[in-house]
Amino acid sequence: MSQNDPLKERIGLLEMGEAKGRLKPEHQAELAKYRAQGLARPAPSADGSPSMSLEMPKARDDARKALALIDRVTPLLDNVDKLQRTAMRGQGLAGLKEYNPWRRENQEYDAATAMLATAVRPATRVTGEGSTSDFESKLALQVIPDRWNFDARNEGAIKSLRTFLNTSRENYTKQLGGGLPKAPPPRRPAAPAQGGGWTVTRTK
């Protein structure tokens, strides 16, 4: 939506009224309708923090898609991380071999980083596949390792991308109801106290 979108402005006014506790019932119902359509932000929780409402189908769908994308990207990142630690650690003159285009390890690294870049770039989306989500947009901004960069830069890019994926996985899992406290295990009946109650003895 553009900045002058009347619907966006209307939703903003409704959210401001809700925050001040001044919404009439019919206006609260209107805001709830926009939330169900995924057009408005989730209602704040009791402590004032944004609530990840499970009543929003679009929010659930976006969370599932984000988790599926994270599952596709993570093993690709793991592979790049492994190659970075094993094949791109040359020091001094030995490091010059990392620029040799015919070196097998270099070709493997280039292929691995290319696959990772393809997975995180929404620009590679096929026409008609759907609009880019907020998560995909943020993922596209992540720096991708490159063989021509210094090792420190690549290691920082890998660490930053992994942190982003792990944090996003945790947040979307919580949004779908995962990561909640588990129910306590069933309690076993307490053992009878020694010497208490009746005892049965065998007689010869």
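Which residues does Leu161 touch, not counting residues up to four places away in sequence? I found Leu77, Leu116, Leu139, Gln142 and Ile144, taking contact as heavy atoms within 4.5 Å.

**Ground rules**

I am working on a predicted model, where local features need pLDDT of at least 70 and side-chain atom pairs count only at pLDDT 80 or more, while totals for chains, interfaces and linings use all residues. I number residues from 1 along each chain as its sequence is written, and my side-chain values use heavy atoms, with hydrogens and water left out.

**Confidence**

I looked up pLDDT, the predictor's confidence in each residue, from 0 to 100. The protein has a mean of 75, and 66% of its residues reach 70 or more. Among the elements, H6 has the highest mean pLDDT (91) and H2 the lowest (82). I noted that residues 180-184 fall below 50 and have zero contacts in the model beyond near neighbours in sequence.

**Cores**

I then went to the nonpolar cores, each a set of buried Ala, Val, Leu, Ile, Met, Phe, Trp, Tyr and Cys residues joined through side-chain atoms within 4.5 Å. Buried means under 20% relative accessible area, exposed over 50%, and partly exposed in between (1.4 Å probe, protein chains only). The largest core has 21 residues, of which Val73, Leu116, Phe135, Leu139, Leu161 and Leu165 touch the most other members. Helices H3, H4 (104-120), H5 (134-140) and H6 (151-175) each supply at least two residues of this core. H3 gives the most, with nine residues. My helices are DSSP runs (H or I, at least four residues), numbered from the N terminus. Apart from this core I found another, of six residues, including Leu14, Leu23, Leu31 and Tyr34.

**Helix H1**

H1 covers residues 6-19, and its 14 residues reach 20 Å from first C-alpha to last, close to the 20 Å expected at 1.5 Å a residue; that expected span is 1.5 Å times one less than the number of residues. I listed its buried residues as Ile11, Leu14, Glu15, Gly17 and Glu18. Seen down the axis of H1, they fall within an arc of 160°, so they line one face of the helix; the arc is that of the directions from the helix axis to the C-beta atoms. Helix H2 (25-36) is part of what covers them. Pro6, Leu13 and Ala19 are exposed on the face turned away. Just after H1, Gly21 takes a positive phi of about 70°.

**Arg60**

Last, I checked Arg60, which lies in H3 (residues 57-87). Arg60 is partly exposed, at 24% relative accessible area.
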